[in-house]
Amino acid sequence: MKISRYSLLVFVITILIFFIPFFWLKPGEMDLGGDNSRLYFYDPIAYLLSQSTYSVSHSAFGGENLSYYAIPFFLLLAFIKSIVHSPTIVISIFHGLNLSLGFFACYLVVKELLKGEEEAVRPNQSIIETSGILAGLYYTFSPNPIHWWGYPLLPMNVVFLNPLLFFLLLRFFLTGGMRYLLVSLLVTFIFSSNFSFIGSPTFFSFFPLAVLFLGIYTKYIKRKSIPIAKIAVGLVLFVLLQAFHLIPQIVSILTPGSFLGDFIFGAQGKLEWGLKYFVATAPSIKVSYALLGLLQYTEPKFYWWIFILFPLLFVLGLLWNKSKLYLLSTIFFLITLFFVSANITHIGLKLYELAFRLPGFAMFRVFYGQWQWAYLFFYTVLVGLALSSVFTKIRAAERYVLTGFIVILLVSTSWQFISGQLTDTKLWQSKDIRSHIKMDPVYEDVLAFIRSLPVDGKILSLPLNDHGYQVLKGENDAAYIGPSTITYLAARNEFTSIAELGVFGESILAAAKEKNYTKLKNILIMLNIKYIFYNADPYIYGDNFPALPYTRARDFFPDTQEGYKEFIKGLGVKEIKTIANTFHIYEFDDTSYIPHIYTPKSIAYSGDVIAVNASTPVSFYTDKRVAFFDDSTIFNARQELFDTVLLKARNTSTIFDFFKKKKSDRFVSPTVSRKLSSFIYPLVVLREKRDLNRYGDINDAYIDRSIYFAEKRINELYELKDTPLRRNIASISQFAQQWREPTLWEFFKFSEYNSWEVTLARYQQAIKKIIIEIDSTNQSAYSRTTSKVELKTYLKEHKEKLRTAIRQDSSLNTEDRRYLSGLIDGMFIDIHNSLSLDLPDVGNIPYIVENPLPNGKYEVYVNKNDMDDLPIDLSVGGMKLSPMEAQYEEWLKYSDMQVENKQSLPLVLSIRSVPNLVAQTHWTVAEQISLGKEQGAIETDPVTLAVMYNFLSDTSGLLRDIPNWEGDTIYAISFDYLTNDQNFLMVLHEKGDTETNRFVNDAYEETIRSKEWRKFKVAVLSAKDASSASLQITRDLDDVVSQDEETIKKIEIKNLTVQKIYNPNIVLKSIPQSTISAIPRITFTQINPTKYTVEVRDAKGPYALVLSQSFNQKWKLFYPSLEHEAKTIKGMLARVVGGILGSVTKSIIPETTEGSNAIVASYANGAIQEGKHRIDFWNRDTFDTWGFDPIAEKSHLPVNGYANSWVIKPEDVNNRSDYTLIIEMTSQKLFYGSLLLSGFGLLIILFLCLKLFLRK
Amino acid sequence: MNRIWSYVMNAIVYRSMYRGKIVTFLEQNKQVILVSLVGAIFIDSIFLKTSSDVITFGVLAAYGIYAKMTHITSKLTFLLCLLFLTALGISFFSSSASVTTEKFSVWLFLFMIVGIIQELRT
């Protein structure tokens, strides 16, 4: 067989490209990190078993995780790794295959298309080959695709899949040869990830267009019939092949209430996640970058303009090549250009935005990335076709020059990629730590030990980080930052970050910051944490990673490894293993751990959200085997289940409403379109009135709209310069009472609006109207307070804006400014008086206990730690409760109380004397202290601050430390002041005590000004991570600049108080009346992560069973017996199939009893035993539950803030006392069924392939 | 597509009572109009910092009518594409992805579509 020189050249180039990635990694190195880990290259089998074989995640609480799609690919990786052994070589082989196959397939596509041109326009062989090779090189080395190799994700195989499948389908469409279709199908099976849910953006961006192109090309250009019947067969086979991951995924999406279903079909996913992101990013995307094939969001390089060459070729092609193929390719190029750039005219952008209303289109929110592969492919095809057109028009010598130029351009501009510099990235926000890691062999021992841990409890990994990462140091001083190896390779449920702690996170952070180990342990018990894995390596938690991934965690957890050691000691855990003196594994003893599956000793209703405040209810139990429900609907419907009720009293002091955000930000500041002097301004006024009249009720929307229009008055004064003054008004308040809006018939009085005073009067009228309406509405006190607080915030902004307007309006002279400043100040005093937003009494705090409030006797508790040992009194309905002897360490106990037929129960907590935090401190002047002078502290009251007007003699003013400042706490600050009508600024500074929040922040600031003594009062909420604070009084910008630089500004201050607003937990605990007659003994065993058996002994009555795994309706409890056989057709069919498969399985897998009864742990004096957990993907009992109805479905409820619970009654189990239950995740059963279909499809394809091969 | 195109053209041009006069006027001032349209595109791209669909589609529609009535071929449209591409290249070289560069990119895109439609119609 003769091999042409072109074929040889293509072969050589393909081989060269294949070997490029072999130079990227040094022996032993791997690039595994990033958001989407590539740990599968490191240990494909472990990754497969942990992530893809079962439908539950090993991360955190263990929610549903459908990652079956990667099974064939991981098996292929495992197969290759078993041959080559080194993960470095596996990575290089796969990257090499991706690049070289991408090049080769593009070459074949272009060659095939050019060969198929009509004879009249068909270029010669040399041109076809050259164009094909150059197109392939463009596809591989152009600026856009090479950059993605720095962070390759699992669907990155799209690089070769798109052109390869296009070529195979092209051949299939043209020849009708089934072999092309069958090979395509096999390829899609092996790389199923690209045809799965996660691969849907790249799939839907390319294949519909590709098939359309092929259809048009075959039918209208090649004038051949489309093999419809074969395509239909291919589609059926495709669906069968992909069934193993598509069916569970589709069922999951279509399950009512599923997260994914809501996400795809609901407004949250379509608009919030999709459209909002698109709208935010689209304006930054450059059409020119796309047209030149450049990378978006990148600083332009000096040579980028050279890439204009390729669009130039396209246009020249259009001028010189009139073939239909060329026009068709250009049309598809333009279609993909539209999708990849989005910014083709406003109408185009609007249409794109409208597409986001289609279910599923939100997958294209990162459109420039998700369309880029389809765009690159059609761009490449056009490059090939355009080159052939140009080559036919130029001389041979020019052809060589152009070819050489393109090759040099592509190779030189991608040299960083070829040499590996582009992929050898530094870890983001690290101290230049390399990402190509050589794994420390010692860490393999760690993973092996973790895999062998006997108890099926969860693991807490420390140091904790922010977002589900793990940091590991490599042998070569590089590091891995990516998803945790414990979750992904050791297949153990693990919490490694704040994000994974979900709603429990905030309370854990608070407890960690306070170093409240009791509280922390109470929460960790609820989370089923048995082990702590601690990486003590200073390399991974120190200067090397000053920010990510520990940015937030550091503010709450210790910020040094030494601190962590102390912290772990405080938790009272026992060290069970140390490896290389770096990796430590600890375990909690049985008093601080409840097993993965347990029968609770008590079922309690807690009137507080468990996940937010888990420590409170747990602290009332010595034996932590309790099931806590916090859903009042469940409690009201099933009161008979509960033996204890814990009711948290709600603090009803309005001061807490000051800091609740009722709704999201309401509007952007209004724009001003008409001048006040305009003769059509009255129409603006009329339109505003009509707009407000549209609202029937005084609700949040109405108040927002009213504030919006009031703010418009401020903006008119701020934005419109040269607004005239009347200069004859003493007070805006008085003027506002007299001034009347011209009626519609007084249209000629349009100039009436054009003055500062009138606009201010209209503003005051509008604001006062809002205040009256807020007060008169029948909304709750909470709603009124939040509306007033919101209004107050805007008033502050408006005042600042008016002050700026006075300063900046050059048409005003000093007198005018002084006049306006006085008017504005008086107006705001009047408005604030009307607002009457006074701070409530900080010494008497009202509480309420509300429905559900079942009758019975209650113990009353106040949390001791929340009260700083202050003397307090507690009263109910005016009756003081007497203190009792403490029963629990953290709680003060008060006399019991009886509740009978009450809807609510008001309580009052009185603090006899609320301390003034600044009672022992004094004002200081910063500059004097810094000079070391003793007279820094000023002990007089009132204190006076006098500063020179001269701007150069600046001063920091008065400072006062506030001791004992705590994070996330409300404080009331008040003082009397007199500023002699000049502006001063009151600033509250806060800072934390950790590395990242050690800088001072302005927590609150307000300008103060008065002609007489006035009281300043404000409530502030300290930042979560604040640990100290100080007050500063300093001068502020003046509204009127004084001509006399010697003028003295003076402020006097007295009676400063800073008081903490106490908010202690008050809990009413019912006296237990047990309804659980007897708790049976159980032995539970994990068969695999989606299936457990529970052997129950001595069950005498109803009892509860808890599975400490993320709640999901698909967790079902089975008791396979004749009575529970499903009576539906689906059930009968499933039973028949399950019976056959079970029989087949039993004939294949021998029965074994060895080790099956081994008990690895025993709890509560043997009442709960844990069998040796197994990971059996397929065993003799796999199909035992097929065709059986689950039991106790109605009592399957969320418990402990995240877990699953069932209440099992004797009738559910045919009144037996000894039996075995099966807990199973049903999506795994669906997977088994779907896998059979895929297996069937694969067999058909292999059979057809064999048949074709034999026929040939 | 062809039918819609014909319908629009017929409605605008052939049904007009001034059809003959307009055609004559356009043919007599063919080059002036072309230069004006191209000039408008350059003014829009170089001097106007905001983009308006009214201008874009107005000019495009004017070019479409002009092309239809004066029977110019796709070659001229593709030559104009070449002109816009040259302007794009110069603009990209001098100011990277500036407003001007972006506008020329969009004009190039739109004129490529017009050219392809003309080519398909012939």
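## First stop: chain B

Select chain B, which has six helices and zero strands. Helices here are DSSP runs of H or I with at least four residues, strands are runs of E with at least two, and both are numbered from the N terminus. The model is predicted: local features need pLDDT of at least 70 and side-chain atom pairs count only at pLDDT 80 or more, while totals for chains, interfaces and linings use all residues. Residues are numbered from 1 along each chain as its sequence is written, and chains are lettered from A and ligands numbered from 1 in the order in which they are written.

Follow chain B from the N terminus on, and the elements run α-α-α-α-α-α. Of the 122 residues in chain B, 29% are buried. A residue is called buried if 20 or more other C-beta atoms lie within 10 Å of its own, exposed if 12 or fewer do, and partly exposed in between, with C-beta atoms placed from the backbone. Contacts can be viewed along the sequence as well: among those in chain B between residues at least 6 apart, 68% join residues at least 24 apart. Two residues are in contact if their C-beta atoms, placed from the backbone, lie within 7 Å.

## Second stop: two helices of chain B

Now select α4(B) and α6(B), whose axes come within 11 Å and cross at roughly 25 degrees. Axes are lines fitted to C-alpha atoms, for helices over the stretch in contact, and angles run from 0 to 180 degrees between N-to-C directions. The two helices α4(B) and α6(B) are therefore roughly parallel to each other. The cut-offs are under 35 degrees for roughly parallel, over 145 for roughly antiparallel, 65 to 115 for roughly perpendicular, and oblique for the rest.

The crossing of α4(B) and α6(B) is right-handed; this term applies if the near helix is turned clockwise from the far one by less than a right angle, and left-handed if anticlockwise. Which residues of α4(B) meet α6(B)? They are B:Leu60, B:Tyr63, B:Gly64 and B:Ala67, and their counterparts in α6(B) are B:Leu110, B:Val114 and B:Gln118. By class, this contact of α4(B) with α6(B) has five nonpolar, two polar and no charged residues. Ala, Val, Leu, Ile, Met, Phe, Trp, Tyr, Cys and Pro count as nonpolar, Asp, Glu, Lys and Arg as charged, and the others, Gly among them, as polar.

## Third stop: where the chains touch

Display both chains. The contact takes 24 residues from chain B and 23 residues from chain A. On the side of chain B that touches chain A, the elements giving two or more residues are α4 (53-70), α5 (74-95) and α6 (99-121) of chain B. Of these, α6(B) gives the most, with 11 residues. The residues on this side of chain B divide into 14 nonpolar, six polar and four charged.

Select α32 (residues 756-776) and α34 (residues 814-835) of chain A; their axes come within 10 Å and cross at roughly 10 degrees. That angle makes α32(A) roughly parallel to α34(A). Residues of α32(A) that meet α34(A) include A:Trp756, A:Leu760 and A:Ile771, and among those on the side of α34(A) are A:Leu820, A:Met827 and A:Leu835. The contact of α32(A) with α34(A) has 10 nonpolar, two polar and one charged residues.

Two strands pair if DSSP finds at least two bridges between them.

Select β41 (residues 1203-1208) of chain A, which pairs with β40(A) in the antiparallel sense over three bridges. A:Val1199 stands opposite A:Ala1203, and A:Pro1198 has A:Asn1204 as its bridge partner. The hairpin of β40(A) and β41(A) has three residues between the strands, and A:Asn1200 takes a positive phi near 55 degrees there. Five bridges join β35 (residues 1103-1107) of chain A to β41(A), and these strands run antiparallel. In this pairing, A:Leu1105 stands opposite A:Trp1206.

Is β41(A) mostly covered or exposed? It is mostly covered, as six of its six residues are buried.
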